[in-house]
Amino acid sequence: MVARAYTVAFQGVEARLVEVQCAISAGLPAFNLVGLPDKAVTEAKERVRAAMTAMGLALPAKRITVNLSPADLPKEGSHFDLPIALAVLAAMEVAPRDAIERNVALGELSLDGSLVPVIGALPAAVAAAEADCGLICPAPCGPEAAWVGAVQVIAPKSLLALVNHFTGRAALAPAQPGLAPPGVAPRDLADVKGQEKAKRALEIAAAGRHHLLMVGPPGSGKSMLAARMPGILPPLEPAEALETSMIHSLAGLLAEGGISRERPFRTPHHTASMAAIVGGGKGAKPGEISLAHHGVLFLDELPEFPRAVLETLRQPIETGDVVVARANAHVRYPCRFMLLAAANPCRCGHLADAARACARSPDCGADYLGRISGPLMDRFDLRVEAPQVAVEDLAEAAPGEPSAAVAARVARARETQRTRYADIPGVSVNADAEGDLLDAVAETTEDARRLLSDVARKFGLSARGYHRVIRVARTIADLEDSAPVERRHVAEAVGYRLAF
Ligand SMILES: Nc1ncnc2c1ncn2[C@@H]1O[C@H](COP(=O)(O)OP(=O)(O)OP(=O)(O)O)[C@@H](O)[C@H]1O
Ligand SMILES: [Mg+2]
């Protein structure tokens, strides 16, 4: 008779249920694994055999066949060890078949029978809850999987502990949800002297999730300002935290066990590969843009990024998801992030300073920022200059406003937006509003409308540019708690759009 265990195969953040069937029949001793396993899955045989030996069990000297169904779904990763072992144990009548069939299991076995943590416990738990099953995963993955709530999570340290649990010798308590240890506290905006305009842009970007580009000479504080963005963003909503953590789980970034309410702040270097930034490569892993889902993607020294990478970002920025192609499937990852970028005005960095600019000015500035294509530049709703702060100002300037005060205004503006978009799926901030919805929520005064159409005509704004100005103006009005969008809100928004 065939014994069954269940596990999952990952396709993006989706975990698809896989049935592991095991039949033991008379014949020459053999252990066969079929059903499109990759190399790591094929090697599971050896680890299962060794883990059984460590428990004092020998595989029967018969023909053991394990099938992973559906057979056409590729099976990748090391998490198939545990379900294969469970199916074999059930077929050997060592563990009760009905109890094993009621669970989705994932985990890697080491040769001594202990369970090694694997990626993806959180999406696997979501799939288990949908299938009305429990979840079995290695002990370190338990706190992460338990967040799903609707599923009973058993997180043993070893295969032996699990067998003892099933046979009633030593029952294991269900795993409890864990909280990630708090990260390092974000630094405070008060440390940044001057740069009032850039700080204001940072606040507007945080309030409405708009994309922001800062341009300024070396050492003016651009990287410093960007590093303070996490400190003014509100914490993730519970549903957002779950979505973000599913992606982090697949990337193996929830090693500490718990899920976090802190918004992701990802800072890939400009030498990072396309696969690292966009996703893909071996196993079609999520890239930095997906790891930044519901958070911030900070690209420091934007013009230094390879052109191909920058151009690839255009579509995900617009749609909020990315399709990663792989040999036999397409995998979709969400990536709704705020793009924050910093750049020098030119290669030497001192374009604005006649005394220090190089001989090639102003052409070198046009060449350098020209590496950012028009369509990508068009996606930055907010563009600000961060000029050099004079040394005497640095010493004398009073400390600026602390992050906490800015964060409070941002939180209030986000609350206004949440109430406004409560009934509209997929929209939570002004940056998400489009078309008719945008027209409906941005009740512009007569004055404001006139200014908008004047600017659009005079500067030849693209349709996207026009809508982006309205969105930013809506956010500026929200920061002031103003129901209509007034002329001064539009004027400020236009100023950021046309800075360069
Ligand atoms: N406005 C400022 N207020 C206080 N300190 C500042 C300011 N600007 C720069 N500094 C000091 O200079 C250092 C360098 O700043 P930062 O790295 O942010 O510059 P940057 O604009 O990113 O330069 P680059 O273009 O070279 O990357 C900071 O760590 C800080 O000590
Ligand atoms: Mg910098």
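I will start at the ligand: one of its nitrogen atoms, on ligand 1, sits 3.2 Å from a polar backbone atom of Ser220. That is a polar contact, meaning a pair of N or O atoms within 3.5 Å. Next, an oxygen atom of ligand 1 is 3.0 Å from a backbone N or O atom of Gly221. The side chain of Asn344 also takes part, with an N or O atom 2.8 Å from an oxygen atom of ligand 1. Ligand 1 exposes 630 Å² when taken alone, and the protein buries 67% of that (areas by the Shrake-Rupley method with a 1.4 Å probe).

A word on the source. This is a predicted model, in which local features need pLDDT of at least 70 and side-chain atom pairs count only at pLDDT 80 or more, while totals for chains, interfaces and linings use all residues. Residues are numbered from 1 along each chain, chains are lettered from A and ligands numbered from 1 in the order written, and side-chain values use heavy atoms, without hydrogens and water.

How many residues surround ligand 1? There are 16, and Lys193, Gly219, Lys222, Ser223 and Asn344 are the closest (a residue counts if one of its heavy atoms lies within 4 Å).

The largest nonpolar core has 57 residues, and Leu135 and Ile289 have the most contacts inside it. Such a core is a set of buried Ala, Val, Leu, Ile, Met, Phe, Trp, Tyr and Cys residues joined through side-chain atoms within 4.5 Å, where buried means under 20% relative accessible area with a 1.4 Å probe, protein chains only. Apart from that core lies another, of 51 residues, including Ile232 and Met338.

Definitions and conventions: Buried means under 20% relative accessible area, exposed over 50%, partly exposed in between (1.4 Å probe, protein chains only). A polar contact is a pair of N or O atoms within 3.5 Å; within protein, one must be able to donate a hydrogen and the other to accept it, and residues adjacent in sequence count only if both atoms are side-chain atoms.
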